Amino acid sequence: MQSSGNEVPQAVSSDYYDTRVRTAEAAETLEWLRAQYGRVDMQVEVGSFAERAVGDDAFSLRHLSWRCRAEVEYGVDRFFFATGTPGFSWRIGSASGEYSIEPAVAQPGQEYSGVADGAEIDIVAFDAARLEDAVRTIYGDDALEVRFDGTGPVSRRMRDYWVATLRWAFTQLPLLAEPLVRAHVHRALVSATLEAFPLAGDPRERRASAMAQAATYSAAMRWMDDHASLPITADDAARATGTSVAGLRRAFAANGQLSSTPEGYLEHARVSAAHADLMASDPTRTTVAEIALRWGFVDLPGFAAAYRAAYRADPKTTLDR
């Protein structure tokens, strides 16, 4: 959904969206802001406003351009992390700041007020429930409630790291219609945000939990690599690494680079082993089906599809090379 001129589109739907607005009318600006953000009150002088919002139910990247002076009052309903050019001051309770000096977080339930005066603002907005799910997965704590202490980053170095990550995320806008790209960008932004902004609670406990999950993930990968030729399952990998199946799944969801599930990683390990056999085998003495079966693939078309996804070639072509 996109708009141009003074047209104001309807509120974005669920799932992926890419919306734009540009208007020089105060009433239309207010209509757009309320459609996007809920309860917004605004006093605006003559000028123009533009916004592009790209994302889905989990998060969105938003660029706002204020070619006017406007005062905004907002009841925050999600997590907003923002940075910008000079010209946008804000207040949340007793805290205040300016986005060009330091990025800041606004959290659900807070009352926010801001004054924009010719500013450009970049925002990542996280749905509260989806962010909580992601954080609980990362730290392996199903009872963790997401709340940040204060409004700013923990240090100048972390501020710069977070801003750089946000800028990188905006370079991915042309690709965000692809779900896998969107998931990668979301994961990177969540990770950077958790490092840069102070999450409430005991960081030592969270760090220990994250380290334990990383250790479980590494141990499970090694065990599955060593036993990929055997009829093992995720249950076997969990027992071998001293955790529950649920704990193993959390470890892969939080740390998995090749795959976010133990089943996906085991398939990857077996496809990799089958690739080595295809490379080393004599096509006059063996077949793709025999090698596939050797590594647990009873569905030959399924094996071929998994192999092509991993190596961008047909397994028969590899065997016959």
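In the predicted model, the loop between H10 and helix H11 (315-320) contains Arg312. The backbone of Arg312 has a positive phi of about 55°, although this residue is not a glycine. Arg312 counts as exposed because its relative accessibility is 80%, and the cut-off for that class is over 50%.

Helix H10 (residues 300-311) also takes part in a helix pair with helix H8 (residues 262-280), the two axes coming within 10 Å and crossing at roughly 85°. H8 and H10 are therefore roughly perpendicular to each other, since angles of 65 to 115 degrees are placed in that class. On the H8 side, the contact is made by Glu267, Val271, Ser272, Ala274, His275 and Leu278. On the H10 side, Phe303, Ala306, Tyr307, Ala310 and Tyr311 take part. By residue class, the contact of H8 with H10 consists of 8 nonpolar, 2 polar and 1 charged.

The chain as a whole has 321 residues, of which 45% are buried. Its secondary structure comprises 11 helices and 11 strands. Along the principal axes, the C-alpha atoms fill a box of roughly 80 × 45 × 30 Å. Among contacts in the chain with a separation of 6 or more, 66% are accounted for by residues 24 or more positions apart.

Empty space within the model was examined next. Rolling a probe the size of a water molecule over the atoms shows where such space is left. The count of cavities of 30 Å³ or more comes to 1. The volume of the largest cavity is about 260 Å³. Its lining is formed by 16 residues, and those nearest the centre of the cavity are Tyr37, Leu64, Tyr74, Tyr112 and Ile123. At least two lining residues each come from helix H1 (26-37), strand E4 (59-67), strand E5 (69-75), strand E6 (79-84) and strand E11 (120-126). The lining of the largest cavity divides into 16 nonpolar residues, with no polar and no charged ones.

The largest pocket holds about 670 Å³ of space. A set of 23 residues lines the largest pocket, with Ala183, His184, His186, Arg187 and Ala253 nearest its centre. Two or more lining residues are given by each of helix H2 (128-139), H4 and helix H7 (245-255). The most is given by H4, with 10 residues in the lining of the largest pocket. In terms of residue class, the pocket lining consists of 11 nonpolar, 7 polar and 5 charged residues.

Helix H4 (residues 179-196) also contains Arg182. Arg182 is buried, because its relative accessible area of 7% falls in the range under 20%. With residues up to four places away in sequence left out, Arg182 touches Asp15, Tyr16, Gly55, Asp56, Phe59, Leu176 and Ala177. One of these residues, Phe59, falls within strand E4 (59-67).

Conventions. Residues numbered from 1 in each chain as written. Predicted model: local features only at pLDDT ≥ 70, side-chain atom pairs only at ≥ 80, totals over all residues. Heavy atoms only, no water. 1 Å grid on protein atoms, 1.4 Å probe; cavity = no way out; pocket = protein on both sides within 12 Å on 5 of 7 lines; lining within 4 Å. Points joined across faces, edges and corners; volume = space filled by probe spheres on them. Helix = DSSP H or I, 4+ residues; strand = E, 2+ residues; numbered from the N terminus. Nonpolar A, V, L, I, M, F, W, Y, C, P; charged D, E, K, R; others polar. Buried < 20%, exposed > 50% of the residue type's maximum accessible area, 1.4 Å probe, protein only. Contact = heavy atoms within 4.5 Å. Axes fitted to C-alpha atoms, helices over the stretch in contact; angles between N-to-C directions. Parallel < 35°, antiparallel > 145°, perpendicular 65-115°, else oblique.
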